[in-house]
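Work through the exercises below with the sequence and the model open. Each task is followed by a solution in steps.

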Amino acid sequence: MKFKYILTEQKDRVLLITLNRPKALNALSPQLMAELSQAVVDADLDEKISCLVLTGSKKAFAAGADIRDMKGKSYMDVYKADFITSEWEAVSRCRKPVIAAVSGYALGGGCELAMMCDFIIAAENAKFGQPEINLGVIPGAGGTQRLPRFIGKSKAMEMVLLGQDRFMDACEAERCGLVSRVVATDDLMADVIETANKISRLSTPSLMMAKESVKRAFEVNLAEGVRFERRLFHSSFATEDKEEGMAAFIEKRSPNFKNK
Ligand code: CAA
């Protein structure tokens, strides 16, 4: 399918998705989100893809939901259409690993979209924020829920309540665990693609189980989470890749995973 607001490029087993509304700083319009959702759902089902990378431009990962689009919408419009839910949740539902490569602004829905990915690698120029309060609304794509879970209540509250007066730079984002690593702005994409390539050479079913298990940690208590992990760990013994991975270790060679 040909997309207008995103670019997709497959490199080996990695799908790179680039948000592509540079003039609007990648504002997340319903059309863009519909395309992104389609690309992610397709990639999730595509046997030839093991890992996804989501990125924007150097200046902006995404500056939030499209304010021009939202301005004309009423309560009934957004309630009836379940605005945000239908097109926005594909990334958080994706079963394969998704890495966010964030350069520049990740604001409002942009910050929320990055947090829906499995981890964020940030460029030195990255800026995270939830400025919805300045528009007379509140975050609507998980900002008030994921942010406190990831960085703690105090910093999340400050960001959500102060909006554009409390953006977080890359250094602080790494310090408080919002991002996994910070790299030089010009090196971001090479670094993220190398990381995604390493992941994509591993067993896809194992990756899916590992991801599902880590995500579970944010949803259930410790005892339930550990039980869930144990059952998935047992399930991994049913894969051919488990036989191959362990045999390769014993035989001192690289594994040749079949993703089965
Ligand atoms: N929606 C629509 N258009 C946007 C946009 C957005 N979220 N963010 C930027 N743009 C547009 C601007 O309107 C401008 O377009 P024109 O050239 O046609 O005027 C263009 O992108 C460039 O923006 P600026 O001129 O403002 O660029 P700047 O460098 O001076 O400022 C910025 C950059 C600080 C990111 C500023 O653009 C900004 O504050 N953007 C809005 C951020 C925001 O409030 N995001 C939250 C949206 S609500 C939301 O996301 C809800 C949710 O939880 C899902």
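**Exercise 1.** Of the 25 residues around the ligand, which come nearest?

Solution. This is a predicted model, in which local features need pLDDT of at least 70 and side-chain atom pairs count only at pLDDT 80 or more, while totals for chains, interfaces and linings use all residues. Residues are numbered from 1 along each chain as its sequence is written, and side-chain values use heavy atoms, with hydrogens and water left out. The nearest are Lys59, Ala65, Gly109, Glu112 and Glu132.

**Exercise 2.** Sort the shell around the ligand by residue class and by element.

Solution. Step one, class: 15 residues are nonpolar, 4 polar and 6 charged. Here Ala, Val, Leu, Ile, Met, Phe, Trp, Tyr, Cys and Pro count as nonpolar, Asp, Glu, Lys and Arg as charged, and the others, Gly among them, as polar.

Step two, polar contacts (N or O pairs within 3.5 Å; within protein, one atom must be able to donate a hydrogen and the other to accept it, and residues adjacent in sequence count only if both atoms are side-chain atoms). A ligand nitrogen is 2.9 Å from a polar backbone atom of Ala63. A ligand oxygen lies 3.0 Å from a polar backbone atom of Gly140.

Step three, elements, taken as DSSP runs (helices H or I, at least four residues; strands E, at least two) numbered from the N terminus. Two or more residues each come from helix H2 (67-71), strand E6 (105-107) and helix H6 (109-116). H2 gives the largest share, 3 residues.

**Exercise 3.** How are the axes of helix H11 and helix H12 arranged?

Solution. The axes of H11 (residues 204-216) and H12 (residues 222-236) come within 10 Å and cross at roughly 175°. Axes are lines fitted to C-alpha atoms over the stretch in contact, with angles from 0 to 180 degrees between N-to-C directions. Angles over 145 degrees count as roughly antiparallel, and H11 and H12 are therefore roughly antiparallel to each other.

**Exercise 4.** Which residue lies in the loop between H11 and H12?

Solution. Asn221 lies there. A polar atom of the Asn221 side chain is 2.9 Å from the backbone nitrogen of Glu224.

Technical notes: A residue is near a molecule or strand if one of its heavy atoms lies within 4 Å of it. Angles under 35 degrees count as roughly parallel, over 145 as roughly antiparallel, 65 to 115 as roughly perpendicular and the rest as oblique.
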